[in-house]
Amino acid sequence: VQLQASGGGLVQAGGSLRLSCAASGTILNINRMGWYRQAPGRQRELVATITSGKSTNYADSVKGRFTISRDNAKNTVYLQMINLNPEDTAVYYCNAEIASRGWYDFRPNWGRGTLVTVSS
């Protein structure tokens with residue numbers, strides 16, 4: 001199973017970006033999907049998660065600015081980011097709980113990350 005993230009880049013403060021992360025390989029079932037980020041010198045932190053039933057959870061720092069969504073038919077999770085600020089600069093990683101061997105045998109999987117840089 002692989003997770004391929006895309007959509008990062010350089011944007012000015014106040015701008016927008018949309019990240020995508022597609023899962024591929026032997027996939028029977030996907031439970032929760034999410035985005036995490038790691039800024040230089042800081043620990044990785046949760047940004048947002050979404051369940052298979054599309055219930056969402058957000059870090060306080062991104063509420064009202066970021067929107068997580070998923071397309072179950074495409075095994076893809078998205079992160080729409082608006083009103084970006086320099087504190088959002090980080091490598092963004094997608095995560096998915098994927099069952100490949102049994103319908104409910106979920107294992108965590110991580111993508112390689114995509115860099116988001118917000119200039120002031």
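Reader: Which residue stands opposite Val91 in β11?

Author: Strands are DSSP runs of E of at least two residues, and helices are runs of H or I of at least four residues, both numbered from the N terminus. Two strands pair if DSSP finds at least two bridges between them. In this case Val91 stands opposite Leu115 in β11. Strand β11 comprises residues 114–119, and three bridges join it to β9 in the antiparallel sense. The model is a predicted one, in which local features need pLDDT of at least 70 and side-chain atom pairs count only at pLDDT 80 or more, while totals for chains, interfaces and linings use all residues. Residues are numbered from 1 along each chain as its sequence is written, and side-chain values use heavy atoms, with hydrogens and water left out.

Reader: How many bridges join β9 to strand β10, and how many residues lie between them in the hairpin?

Author: Five bridges join β9 to β10 (residues 106–110), and the two run antiparallel. The hairpin that they form has six residues between its strands.

Reader: In what sense do strand β4 and β9 pair?

Author: Strand β4 (residues 29–38) pairs with β9 in the antiparallel sense, over eight bridges. Gly34 is the residue opposite Asn95 of β9.

Reader: Why is β9 described as largely enclosed by the rest of the structure?

Author: Strand β9 spans residues 90–99, and nine of its 10 residues are buried, so the strand is largely enclosed by the rest of the structure. Glu97, which is found in β9, is buried at 18% relative accessibility. Contact means heavy atoms within 4.5 Å. With neighbours within four places in sequence left aside, the contacts of Glu97 are Asn29, Ile30, Asn31, Arg32, Phe106, Arg107 and Pro108.

Reader: Which cysteines does the disulfide join, and why is it called right-handed?

Author: A disulfide is a covalent bond between the sulfur atoms of two cysteines. The criterion applied is a pair of cysteine sulfur atoms within 2.5 Å, and by it the count comes to one. Cys21 is joined to Cys94, with an S to S distance of 2.0 Å. The torsion about their S-S bond is about 45°, so the disulfide is right-handed. Cys21 lies in strand β3 (residues 17–24) and Cys94 in β9, so the pair ties together parts that are 73 residues apart in sequence. Cys21 is buried, with a relative accessible area of 1%, and Cys94 is buried at 0%.

Reader: How many salt bridges are counted, and where does the pair Arg37 and Asp88 lie?

Author: A salt bridge is a side-chain nitrogen of Lys or Arg within 4 Å of a carboxyl oxygen of Asp or Glu. The count comes to six. In one of them the side chains of Arg37 and Asp88 meet at 2.9 Å, N to O. This pair links distant parts of the chain, with Arg37 in strand β4 and Asp88 in the loop between β8 (76–81) and β9, 51 residues apart. Arg37 is buried at 6% relative accessibility, as is Asp88 at 1%. Arg37, Glu45, Arg65 and Asp88 are linked in a network of salt bridges.

Reader: Are Asp60 and Lys63, which form a salt bridge, buried or exposed?

Author: Both are exposed, and their closest N and O atoms are 3.1 Å apart. A further salt bridge connects Arg107 and Asp105 at 3.0 Å, N to O. Arg107 is partly exposed at 41% relative accessibility, and Asp105 is partly exposed at 28%.

Reader: Where is the place of Arg101, and which residues is it in contact with?

Author: Arg101 is in the loop between β9 and β10 and is exposed, at 72% relative accessibility. Leaving aside its neighbours within four places in sequence, Arg101 is in contact with Leu28 and Arg107. Leu28 belongs to the loop between β3 and β4 and is partly exposed, with a relative accessible area of 36%.

Methods:
Buried means under 20% relative accessible area, exposed over 50%, partly exposed in between (1.4 Å probe, protein chains only).
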